[in-house]
Amino acid sequence: MYYSFVMGVGSEIDSLRERGFIVEQFGDNYGVAFQREKADEWEQFVSRHLEPGYWNEYISDDGVIFLFNLEDGIKRFDVKGYQNDEVLSLCEKLCECRFSSIRDMLKENHYYSDKIE
């Protein structure tokens with residue numbers, strides 16, 4: 001399974017349940033699990049709903065995929081081993097905080113804590 005935590009999408013996420021995504025609600029946010037075959041569909045959904053200056057990530061079989069909505073559009077990063085200085089720098093810049101690593105940043109999210117190696 002692949003896993004993502006998403007904020008601010010509202011009831012639009014219900015359409016994913018009908019297409020085989022597992023969606024858990026956490027207040028106004030959602031934890032989403034899906035099969036590898038649904039990754040492109042997830043990226044399209046997130047790209048449509050991701051506000052400028054924000055990012056979304058999902059944990060895949062062999063790393064983490066990050067999608068950033070930047071001034072020049074959606075930028076995708078495939079991060080292996082939780083190591084990518086550019087991604088870490090973008091996350092820190094966009095949320096105006098510091099992280100010791102991508103792994104530690106993701107582990108702070110209760111939805112990911114038991115899904116990260």
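Reader: Are F68 and F77 buried or exposed?
Author: Both F68 and F77 are buried. The model is a predicted one.

Reader: What makes F68 and F77 an edge-to-face pair?
Author: Two values decide. Their ring centres lie 5.7 Å apart, and the limit for a pair is 6.5 Å. Their planes stand at 90°, and edge-to-face needs over 60 degrees. Therefore F68 and F77 are an aromatic pair of the edge-to-face kind.

Reader: How many aromatic pairs does the structure hold?
Author: There are 15. One of them joins Y2 and F34.

Reader: Why is the pair of Y2 and F34 called edge-to-face?
Author: The centres are 5.9 Å apart, within the 6.5 Å limit. The angle between the planes is 70°, and the cut-off is over 60 degrees. So the pair counts as edge-to-face.

Reader: What makes this pair a link between distant parts of the chain?
Author: Y2 sits in strand β1 and F34 in strand β3, 32 residues apart.

Reader: How do you know whether Y2 and F34 are buried or exposed?
Author: Buried means under 20% relative accessible area. Y2 has 8%, so Y2 is buried. F34 has 0%, so F34 is buried.

Reader: Which residues form an aromatic cluster with Y2 and F34?
Author: F21, W42, F45 and Y58 complete that cluster.

Reader: In what order do the six strands of the open sheet run?
Author: The order is β2-β3-β1-β4-β5-β6, and the pairing is antiparallel.

Reader: What makes β2 and β6 edge strands?
Author: β2 (22–26) and β6 (73–79) each pair on one side only. The twist from one strand to the next averages 20°.

Reader: Why do β1 and β4 count as paired?
Author: At least two bridges are needed. β1 and β4 have two, in the antiparallel sense, so they count as paired. β1 and β3 have six bridges, also antiparallel. Residue S4 has V32 in β3 as its bridge partner, and stands opposite Y58 in β4.

Reader: How many bridges join β5 and β6?
Author: Seven, in the antiparallel sense. In one of these strands, β6, V79 is the bridge partner of V64.

Reader: Which strands does helix α2 touch?
Author: Helix α2 (residues 39–49) packs on the sheet and touches β1, β3, β4, β5 and β6. Its direction makes about 165° with that of β4.

Reader: Where does helix α3 lie?
Author: Helix α3 (residues 85–95) lies across β4, β5 and β6. It runs at about 45° to β5.

Reader: Which residues have the most contacts inside the largest nonpolar core?
Author: They are F66, F68, V87, I102 and L106, in a core of 21 residues. At least two residues of this core come from each of β5, β6, α3 and α4 (102–107). A second, separate core has 18 residues, among them V9, L16, W42 and I65.

Reader: Which residues does F66 touch?
Author: Leaving out residues up to four places away in sequence, its contacts include W55, F77, V79, V87, C91, I102 and M105. N56, E57, K75 and R76 are also touched by F66.

Reader: What makes K115 a charge over the ring of Y111?
Author: The charged end of K115 is 4.3 Å from the ring centre of Y111, and the distance limit is 6 Å. K115 also lies over the face of Y3, at 5.1 Å from the ring centre. That value is within 6 Å as well.

Definitions and conventions
Residues are numbered from 1 along each chain as its sequence is written. This is a predicted model: local features need pLDDT of at least 70, side-chain atom pairs count only at pLDDT 80 or more; totals for chains, interfaces and linings use all residues. Side-chain values use heavy atoms; hydrogens and water are left out. Helices (H or I, at least four residues) and strands (E, at least two) are DSSP runs, numbered from the N terminus. Axes are lines fitted to C-alpha atoms, for helices over the stretch in contact, and angles run from 0 to 180 degrees between N-to-C directions. Contact means heavy atoms within 4.5 Å. A nonpolar core is a set of buried Ala, Val, Leu, Ile, Met, Phe, Trp, Tyr and Cys residues joined through side-chain atoms within 4.5 Å. Buried means under 20% relative accessible area, exposed over 50%, partly exposed in between (1.4 Å probe, protein chains only). Rings of Phe, Tyr and Trp (its six-membered ring) pair if their centres lie within 6.5 Å; planes under 30 degrees apart count as stacked, over 60 as edge-to-face and the rest as tilted. A charge sits over a ring if NZ of Lys or CZ of Arg is within 6 Å of the ring centre and within 35 degrees of the ring normal.
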